[in-house]
Amino acid sequence: MRFHTRKWVKPEDLNPNKTLFGGKLLAWIDEEAALYSIIQLENSHVVTKFMSEINFMASAKQGDIVEIGLDVVKFGTTSLVLHCEVRNKMTHETIITVDKITMVNLDNEGNPKAHGKTKIEYVHERLSKK
Ligand SMILES: CC(C)(COP(=O)(O)OP(=O)(O)OC[C@H]1O[C@@H](n2cnc3c(N)ncnc32)[C@H](O)[C@@H]1OP(=O)(O)O)[C@@H](O)C(=O)NCCC(=O)NCCS
C-alpha cells in the first residue's frame with residue numbers, strides 16, 4: 001500500500017470528544033480516492049459509487065499527523081475499486097480501514113464510461129511513453 005497524503009489534525013477537525021471527527025476523516029478519504037482515480041483513469045469525471053464496511057479502529061487527537069493509503073483492488077470496466085487504510089504517522093497505529101471504495105468513470109453526460117485501464121500507471125512510465 002502506498003501512503004500518498006498526510007493530514008494534520010487541527011481544532012476544526014475534532015468532535016465534541018476532542019478526537020478526530022469521523023465525518024471529516026471520511027471526507028479526506030473520499031477526496032483522496034477521487035484524486036487517485038482521476039489520475040489513474042485520466043478523466044476528471046469520476047464519482048464515488050460505493051463504500052463498503054468502514055472500521056474505525058483507533059482515534060487521533062489534535063496535532064497528530066495522519067497518512068492516507070490506497071491500494072487498487074480491481075480495475076473494472078467503468079469502475080476502479082480501491083482499498084483504504086489511514087494510520088497515525090507517529091505511532092503507525094491504524095485509525096480506519098475501508099475495505100472497498102468503488103469509483104465510477106463517467107462521460108460528459110454523467111453516464112458510466114469504460115476507462116480502458118487494467119493496471120496502475122506511474123508518472124515515470126507515462127512520461128517515458130511521450
Ligand atoms: C455512478 C452512477 C453513474 C452509476 O450508475 P449505475 O446505473 O449504477 O451504473 P452501472 O450499473 O453501469 O455500474 C457502473 C459501475 O459501478 C459498479 N457498481 C454499480 N453499483 C454498485 C454497487 N452497489 N456497489 C459496487 N459497485 C457498483 C458496476 O459494477 C459498474 O462497474 P464495472 O463497469 O467496472 O463493472 C450513478 O449511480 C450515480 O450517478 N450515482 C451518484 C454518484 C455520486 O454523485 N457520488 C458522489 C457522492 S453523492
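## Exercises on a predicted chain

Over residues 1-109 the chain is 18% helix and 45% strand, with the end C-alpha atoms 33 Å apart; helices (H or I, at least four residues) and strands (E, at least two) are DSSP runs, numbered from the N terminus. UniProt, in an unreviewed entry, puts the feature "domain: HotDog ACOT-type" on residues 1-109; its positions are in the numbering used here, feature names are shortened, and annotations may be inferred rather than shown by experiment. Keep in mind that this is a predicted model: local features need pLDDT of at least 70, side-chain atom pairs count only at pLDDT 80 or more, and totals for chains, interfaces and linings use all residues. Residues are numbered from 1 along each chain as its sequence is written, and side-chain values use heavy atoms, with hydrogens and water left out.

### Exercise 1: the layout

Solution. Start with the inventory: two helices and six strands. For the overall extent, the C-alpha trace spans about 45 × 30 × 20 Å along its principal axes.

### Exercise 2: helix α1

Compare the reach of α1 with the expected span, then list its buried residues.

Solution. Take the span first. α1 covers residues 22-41, 20 residues in total, and reaches 28 Å from first C-alpha to last, close to the 28 Å expected at 1.5 Å a residue; the expected span is 1.5 Å times one less than the number of residues.

Next, burial (under 20% relative accessible area is buried, over 50% exposed, partly exposed in between, with a 1.4 Å probe and protein chains only). On α1 the buried set is Leu25, Trp28, Ile29, Glu32, Ala33, Ala34, Tyr36, Ser37, Gln40 and Leu41. As a reminder, an α-helix has 3.6 residues a turn, so residues three or four places apart point the same way.

Finally, look just past the helix: glutamate 42 has a positive phi of about 55°.

### Exercise 3: around β5

Find the strands that β5 is joined to, and say how many bridges each pairing has.

Solution. Two strands pair if DSSP finds at least two bridges between them. On one count, β4 (residues 65-75) runs antiparallel to β5 with nine bridges; glycine 69 has glutamate 85 as its bridge partner, and three residues separate the two strands in a hairpin. On the other, β5 and β6 (residues 94-105) are antiparallel with eight bridges. Cysteine 84 is partnered by valine 98 there, while valine 81 sits opposite threonine 102. This hairpin has five residues between its strands, and histidine 92 in the turn has a positive phi of about 65°.

What about burial? Eight of the ten residues of β5 (residues 79-88) are buried, so β5 is largely enclosed by the rest of the structure.
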